[in-house]
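Dear colleague,

I am passing on the structure below, and after it you will find notes on what turned up when I went through it. Please read them with the coordinates open beside you.

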Amino acid sequence: MLYELRIYTIYEGRMDAIQDRFKEHTFRIFTRLGMKVVNFWIDATGQNKLYYVMEFKDMAQRQRLWEQFKKDVEWIQVKRNSE
């Protein structure tokens, strides 16, 4: 297995919107594409950071799934509407 830790620094005042985007859209898109999130959290020290861990079979699967995600029509629209 391959585990990938992703860390995002969120602009001040945008944390709720980003969490909503994950809850309402991103997790569902990940699932549809076969992407697995094994953990998700926000920084407990008050920093504007969001963390999550993805699980992949190997590097080839990781690269293929992230490419599919970046090109996904629904994701492109969700991202455009929420930024």
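Strands S2 and S3 form a hairpin with six residues between them, and in the turn Gly-46 has a positive phi of about 95 degrees. The two strands run antiparallel and are joined by six bridges, S2 covering residues 36-42, and within this pairing Asn-39 stands opposite Val-53 of S3. Please bear in mind throughout that this is a predicted model.

At its N-terminal end the helix is capped by Asp-58, which has a side-chain oxygen 3.3 Å from the backbone nitrogen of Ala-60.

Which residues of H2 are buried? They are Gln-61, Leu-65, Trp-66 and Phe-69, and because they cover an arc of only 120 degrees around the axis, they sit on the same side of H2. The cover over these buried residues includes strand S1 (2-9), helix H1 (15-33), strand S3 (49-56) and helix H3 (73-82), whereas on the other side of H2 the residues Ala-60, Lys-70 and Lys-71 are exposed.

Turning to charged pairs, the structure holds eight salt bridges, and I describe some of them here. Within H2, Glu-67 forms a salt bridge with Lys-70, the closest N and O atoms being 2.9 Å apart; these two residues lie three residues apart, about one turn of the helix. Glu-67 is partly exposed, with a relative accessible area of 36%, while Lys-70 is exposed.

Arg-6 forms a salt bridge with Glu-4, with 2.8 Å between the closest N and O atoms. Here Arg-6 is buried at a relative accessible area of 18%, and Glu-4 is buried as well, at 13%.

A further salt bridge runs between Arg-32 and Asp-72, whose closest N and O atoms are 2.9 Å apart. This pair links distant parts of the chain, with Arg-32 in helix H1 and Asp-72 in the loop between H2 and H3, 40 residues apart. Arg-32 counts as partly exposed, at 44% relative accessibility, but Asp-72 counts as buried, at 10%. Through salt bridges that share partners, Arg-28, Arg-32, Asp-72 and Glu-74 are joined into one network.

Notes. Residues are numbered from 1 along each chain as its sequence is written. This is a predicted model: local features need pLDDT of at least 70, side-chain atom pairs count only at pLDDT 80 or more; totals for chains, interfaces and linings use all residues. Side-chain values use heavy atoms; hydrogens and water are left out. Buried means under 20% relative accessible area, exposed over 50%, partly exposed in between (1.4 Å probe, protein chains only). Helices (H or I, at least four residues) and strands (E, at least two) are DSSP runs, numbered from the N terminus. The arc is that of the directions from the helix axis to the C-beta atoms. Contact means heavy atoms within 4.5 Å. A polar contact is a pair of N or O atoms within 3.5 Å; within protein, one must be able to donate a hydrogen and the other to accept it, and residues adjacent in sequence count only if both atoms are side-chain atoms. Two strands pair if DSSP finds at least two bridges between them. A salt bridge is a side-chain nitrogen of Lys or Arg within 4 Å of a carboxyl oxygen of Asp or Glu.
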